[in-house]
Amino acid sequence: MTELGAYVERFETNTRSRALRGVAAILIGAPIAVAGAFLFVMNDKAGVSGGETFIGLVIGCGLGLALVGAWGCWQAVGRRGEAFTLYEQGFVHTWRKSTTIVPWTAIEVAIDHTRKNVLAKAFGGDVGCLVKLTDGRKILINGFTEGAAVLTHDIFEAVGRRPA
C-alpha cells in the first residue's frame with residue numbers, strides 16, 4: 001500500500017476465541033432461561049404469587065446472555081480472516097473477500113467504546129474503537145483483535161493530530 005506509506009504492523013482478529021466465548025455464553029444462558037421459565041410455570045401451577053420480578057430477571061438474563069453468545073458466533077463466522085494492517089498514513093481492514101483502505105484523511109471521527117468491566121472483557125469490549133469514515137461506513141475494532149489497544153491508540157493519535 002504505497003499510498004499509505006511504509007508498513008508498520010499487522011493485527012489479526014482471533015475469531016476462534018470470539019466463537020468459543022459465544023458458544024460458552026449460549027451454553028450458560030440458555031439453561032438459565034429455561035430454568036427461569038420452569039420456575040415460572042411451577043409457581044403458576046402451585047398458585048404461589050410473588051417472586052415474578054426475580055423469575056423475570058432470571059429469564060431475561062439467561063436470554064440476554066444466549067443472544068449475546070449467538071451474536072458473537074455470528075460475528076466469528078462472518079468476520080473470518082479479519083485483520084488490520086497499519087501503515088504510516090492509514091490502515092487497511094480486511095475480512096473474507098472485503099478490503100477497505102483507510103487513509104487518515106478518510107476518517108471522520110474515531111470514538112472510544114472501551115469498557116472496563118468483567119463482562120466487557122469476556123466479550124471483547126475491553127478495547128473498543130468505532131471508526132466512522134467520511135463516506136458513512138463504520139469499522140469496529142474490539143478486544144478480539146490481537147494488539148487492539150496499540151492499534152486504537154495509533155488511530156486516535158493520528159486522527160487527533162490531523163490538520164483540520
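Author: The lining of the largest pocket is made up of eleven nonpolar, twelve polar and seven charged residues. These assignments rest on a predicted model. The space within this pocket amounts to about 670 Å³. Its lining comprises 30 residues, and those closest to the centre are Arg-18, Trp-71, Gln-75, Leu-140 and Asn-142. Both helices and strands take part: two or more lining residues come from each of helix 1 (15–46), helix 2 (52–78), strand 3 (90–95), strand 4 (98–103), strand 6 (128–133) and strand 7 (138–142). Helix 2 provides the largest share, with five residues.

Two of these elements also lead to other features of the model. Together with Phe-38, Phe-40 and Val-41, Met-42 makes a nonpolar surface patch of about 390 Å². Met-42 has a relative accessibility of 40% and is therefore classed as partly exposed, since that category lies between the limits of 20% for buried and 50% for exposed.

Along the chain, Arg-80 and Asn-14 are 66 residues apart, yet 8.7 Å separates their C-alpha atoms.

Technical notes. Residues are numbered from 1 along each chain as its sequence is written. This is a predicted model: local features need pLDDT of at least 70, side-chain atom pairs count only at pLDDT 80 or more; totals for chains, interfaces and linings use all residues. Side-chain values use heavy atoms; hydrogens and water are left out. On a 1 Å grid over the protein atoms alone, a cavity is a set of points where a 1.4 Å probe fits but cannot get out, and a pocket is an open set with protein on both sides within 12 Å along at least five of seven lines; lining residues have an atom within 4 Å of a point. Grid points are joined across faces, edges and corners, and a volume is the space filled by probe spheres set on the points. Helices (H or I, at least four residues) and strands (E, at least two) are DSSP runs, numbered from the N terminus. Ala, Val, Leu, Ile, Met, Phe, Trp, Tyr, Cys and Pro count as nonpolar, Asp, Glu, Lys and Arg as charged, and the others, Gly among them, as polar. Patches are made of residues with over 30% relative accessible area and no salt bridge: like charges are joined within 9 Å, nonpolar side chains (Val, Leu, Ile, Met, Phe, Trp, Tyr) within 5 Å. Accessible areas come from the Shrake-Rupley method with a 1.4 Å probe; for residues, only the protein chains shown count as cover. A salt bridge is a side-chain nitrogen of Lys or Arg within 4 Å of a carboxyl oxygen of Asp or Glu. Buried means under 20% relative accessible area, exposed over 50%, partly exposed in between (1.4 Å probe, protein chains only).
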